Amino acid sequence: MSAKPPRPPVDRETKPKRSNFSRRGFIQGLGVGGGVLSGGLLETALPNAAEAAPATIGPDPVTITLRLNGKSTQVAVEPRTTLLDALRNRLGMTGVKRVCDRGACGACTMIINGKVMYGCTVLAIDAQGKNIETIEGLAPEGKYHPVSEAFVNNDAQQCGFCTPGFVMAAKNFIDLHPDPTLEDVEKGLGGNFCRCGTYVGIRPAVLEAAKKMKGGARNA
Amino acid sequence: MPNVSDYQWPPMETRKVIGKRISRVDGLPKASGRAKYAYDFYRKDLLFGVLVGCPYAHARVKSIDDSAAKAMKGVTAIEWSVKPGSELQWQGQEIVAVAAETEETARDAARAIKVEYEVLPHVVREDDLAAVGNRAKAAGEQVTGDPDTAFKSAAQVHEGFYHIPVLTHCCLEAHGQTVEWTPNGINYWPSTQGVSTVGGDLAQNLNVPANTVHVDMQNVGGGFGSKFSADHWGVMCANLSKNSGGRPVKMMLERNLELMTAGNRPSGFAQIKVAADQDGKIVAWQSKSWATGGIGGGGAPPIPYVFTNIPHVRLNHSAVATNCGGSRAWRAPNHPQASYLTCSALDDLAHKLNMDPVEFFDKNFELTARADTYKWQIRKAAELMEWASKYKPRGSSPGPVKSGVGLAVCTWGGGGHTSNCLATINRDGSVVIELGTQDLGVGARTIIMQVAAETYGLPLSMIDLRIGKNSYPVSGPSGGSTTSGGVSSSTRKATVNALEKLYEAVAPSLGVQPNQLQAVDARIQVKGDPSKAIPWKQACAKLGTTPIQEKGFNDQRRPEGLNASGVGGVQMAEVSVDTETGIVRMKKFVAVQDVGLVLNPKLAESQMNGAVIMGICGALLEERVMDQQTGKMLNADMEFYKLAGIGDVGEIVSVLDMRPTTDKRGVIGIGEPCAVGVVAAIANAVTNAIGVRVSGVPMTPNRVLAALEGRTA
Ligand code: FES
Ligand code: FES
C-alpha cells in the first residue's frame, strides 16, 4: 500500500524526545495550594528522598507556565493535554490548526526551542521551560511576517487551513537554510500537507521569503 | 432600471480591475493565522462536543446505557441518535454525542457510554461483482445503433478492465460546527459550502422556524462538495446546546470519523470493449460497469465520456450497495471516474492501432460536442508538453527508470447559480456589498470586490464586502463550479443599478443627462471628457440623507450574457517510473482549460493547479481501503490515507484559454473541470512508460510491480 517514497526529514522532529519533566520546576511553578500534588511527587522532588512510589500528577488539571511567543503564560491543563489543545482550547490561540491530531499533517506546526514541532505530538506539561513560537507571535497586530506576505504574493493558499502550519515550517526552514534551492524547499517542507493543492505557489513563496529575510526583513 | 446591455462586462481592453492578477484579499489574514474558521470558534463559556460513531459496518443496537457518562463531572448533555432496535449501515454512522466542559472530559464520557450491538452481515468491497450478490442493482441496458455488427466489421477491437477506487474528501478542516441555542434564536457557526442554505436545513431538522437560525461562517477549510447539509451532527450539536442551558457547543469530527462518514466519491469499475475502423475512427463502445457510493449504491459514470457521438453503444451499469459511508458530491461528480475509464480504454485502442494518442484523440474529437475547442487545446497542450519529442511508442523507453507521456480530456458545465447582491452607496462615499455567499478558498471575496471596483471605478480597498451570513441576500451554495458565475453577475448588476442612481443625483451639477456619465479613476465624469468630473466622494455627497441601496439578481436560467456553462479541457502528463521499485514520479503536467471570461488569472491558475494536484493524489496515492473480514476502513487517518506532498507533484503548467472568442461567453467557474482528466492522463503516461497497463488506480508501487510481472495486485 505504500506508494509514497519516504520523505527525508530535514531538521524536523516529528517524534519529539520526551523531555525530562522537571518535577522541581513544576512544583515551583505550581505554588503550594495546588491541591494536585500527590505525596509521592513531593517526596521524590525532595533531595535525597528515599525510594518512593513513582511520581504522578493529575488526572485533574494543573497550572503550568508556558513561554509563548516570548511571554510567560499560565494555563491549567490536564497532564494528558497536548500543547496544541492547550493553546486552542484553553487559551483561544486558534492560528495553529488541528487536522489529524497525530503527527501526520503539519497543520499544527510550531517552533519549539528553534525546531519545528507538531503541537499535537507534544504534551503541554512537557513544553514548560521551552521557547514556544506560534503563528500568533510571528508579527505584531497590523503587521505581517515576510513569509506570510510571500505566501500571499505567490498565491500559496486557497482555503488557508494548512497555511499557518506551512508558514511556521517555512519560517523555521529559512532560518536554518537562508539560501535554499527549490529542491531544499521540497525536502524541508515535506512534513506538511495541503488538500487544496497549493504547492505550486508555496515553492516560489518560500524562495521569495528567503531572499527578503536575507535582506534584513527577518524581524518584521 | 438600466437595460440589459448596461450590465455587460466592459470590453477586454478597457478593464481596469477585473482580469488583473490581483492577490487574494483575504490572503494576509489566512497566512497570519488570524482568519477564523468554524473549527476556531472560541469563547470562555464554550462547551466541547464529541461524536461517537458505530464501530461496525452493519449492526443493530441492542441496548444503550449512558448512566456512567451522565454521572461524570463536567458532562452537560448527551444526545442519542439511535435507540434499541436501530439498524446501522456503516462504520462511523452517528450513535451518540456528548457535551462537556472540556474536550478531555467529553472524550472520557464518550468512552464511558455503553452500547450493545447485534452484528449483522456486511458487504464493504465491490471490486468483485460476482461476490456482492443481491447488493448489485442493474440499471436497464441502454443500446444505441447496432454495436454487435459494428464490432464484427471493425478493423481493430480492444477489450480491457479498469477501476478507480472510492476517495474521501479529507477536507483539512473537519466537518462540524458550534451551535448556541439562545432564547432569541439559534446561533450557528458551521463549516459549510452554503451559508444561505444550511440554516434552513438545520431549522427543518430541528423543527424550528428557519428565521430563528443565524448562520455565520467567514472561512471554510475545504469542502470539495462534501459540506452542503447541516448533517446529523449539526442537529445533535444544537440539541446538546439546548440541553446544556443554551451554552455554545463546538463539535468537529475527529479525523477518523471525518474519513469514514463525512463524504466520499463513488468508485468506478468497468469492463470495456471499444472498436475503431481502418482510419482510427471510433465506431463502437460497450461497457459493463459498476460502482458503489455506500448503502445507496453508486451513480453511473457518464461513459463513453466526452466522445458522446460514438455511433454504436451498449451500456450496462450496476449500483452496488455497500456498508460504507454515503457518497457526496466530489469535485465534478462522476466525471473523473468517467474520464479515467474512457480515456484509458481509448489510449489502449490507439496503441492497438499503432497510433500516437494525440493523433487518435484529435481525429475522434469529431465525436464530441466541442470539437473545435478540443482540437485547439490538444495542439496547445502538445506544444507545451513538447509531446512530439517526448512521445515514444508504448514500452520503448530504455533503462530501469522509464519515462512516458499520456493525455486525457475533460468537460464540465459551470454556469452561475442563483445569487442576490445588495449594493449600498453612502453619502460619505463609502460603499458596501452584501451577499449570503462563501469563499471556499477559490477567491470569491476577491472577484466580488474586483467586479464592484470595476463598475464604480474605485480602488479595491474602498469596497467593504460582507459575506458569510444568512442575514445577507440569498446566494446559492458553492457547488458545481457555479459560484464565480453567480456572484460576479449579481454583483455586476447590483453595482450598475446603484451607480445609475448615483448618476441621477450627480447629473444636474454636471449639466448632462445621467446616461452621459461614467465612473473612472474614483471620479464621476462626463463620458469622454475628463475635464467635466466630480471626485467620487463629492459625488456621493450630493445624495440626500438616504443612501443608495440597489439589488442585483442572477437568474440561473437567464444569465444575460454575464456567465455561461459548458467547457472542455485537455490534460497531459509526463512521468518517470522506476521499474525496480515501482515508484511513479510526476515530471510535468500540462492542463489547457476553456474558462470564459477570467476575472482573476492569478486565482484561476491556482484553482487549476490545485485541481491538478488533487488528481495527482488520486492517480498515485489516495484510496479508501476497506477490509471485508471486519467491515472496517483500514486507513481512516492521514498516515495511510495518503495525500501528495510538496515534493510529489512535479512541474505544473496551467493554461487558461483567454482568447477573445472564449472571453465573450462570460464568466464560467472552473473548480471542477481541471480535476477531471488528471488521473487518466497519468495512467496513460505510466502505461506509455512501462509498456503495460496498470489496471487500477492509484498506481502504487505494488500495483505497478504487479503489472510489470503480469500478476494482479
Ligand atoms: S494536527 Fe498535528 S500533525 Fe496533523
Ligand atoms: S489551502 Fe486548503 S488545505 Fe492548504
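**Domain and chain contacts in a predicted model**

Visitor: Which residue forms a salt bridge with A:E133?

Guide: A:E133 pairs with A:K171, and the closest N and O atoms are 3.5 Å apart. A salt bridge here is a side-chain nitrogen of Lys or Arg within 4 Å of a carboxyl oxygen of Asp or Glu. This is a predicted model, where local features need pLDDT of at least 70, side-chain atom pairs count only at pLDDT 80 or more, and totals for chains, interfaces and linings use all residues. Side-chain values use heavy atoms, with hydrogens and water left out; residues are numbered from 1 along each chain as its sequence is written, and chains are lettered from A in the order in which they are written.

Visitor: OK, how is chain A divided?

Guide: Into domain 1 (62-137) and domain 2 (146-217), with bounds from an automatic or database domain assignment. Their centres, taken over C-alpha atoms, are separated by 21 Å.

Visitor: And how many residues does the contact take from each?

Guide: Domain 1 of chain A gives 17 residues and domain 2 of chain A gives twelve, contact being heavy atoms within 4.5 Å.

Visitor: What area do domain 1 and domain 2 of chain A bury between them?

Guide: About 1,200 Å², 63% of it on carbon and sulfur atoms. That's the accessible area (1.4 Å probe) that two parts lose on being put together, summed over both. On the domain 1 side, A:K97, A:I111 and A:I135 supply 35% of the area buried against domain 2 of chain A, more than any other three residues.

Visitor: How many salt bridges between those domains?

Guide: One.

Visitor: Switching to A:T163: buried or exposed?

Guide: A:T163 counts as buried because its relative accessibility is 1%; the cut-offs are under 20% for buried, over 50% for exposed and partly exposed in between (1.4 Å probe, protein chains only). A:T163 is in helix α5 (residues 163-176) of chain A, helices being DSSP runs (H or I, at least four residues) numbered from the N terminus.

Visitor: Which residues does A:T163 touch?

Guide: A:F151, A:Q157, B:K30 and B:A31, leaving out residues up to four places away in sequence.

Visitor: So what do chain A and chain B bury between them?

Guide: About 5,500 Å², with 54% of it on carbon and sulfur atoms. The contact takes 61 residues from chain A and 71 from chain B.

Visitor: How many salt bridges between chain A and chain B?

Guide: Nine. In one between these chains, the side chains of B:E639 and A:R102 meet at 2.9 Å, N to O.

How values were computed. Helix = DSSP H or I, 4+ residues; strand = E, 2+ residues; numbered from the N terminus.
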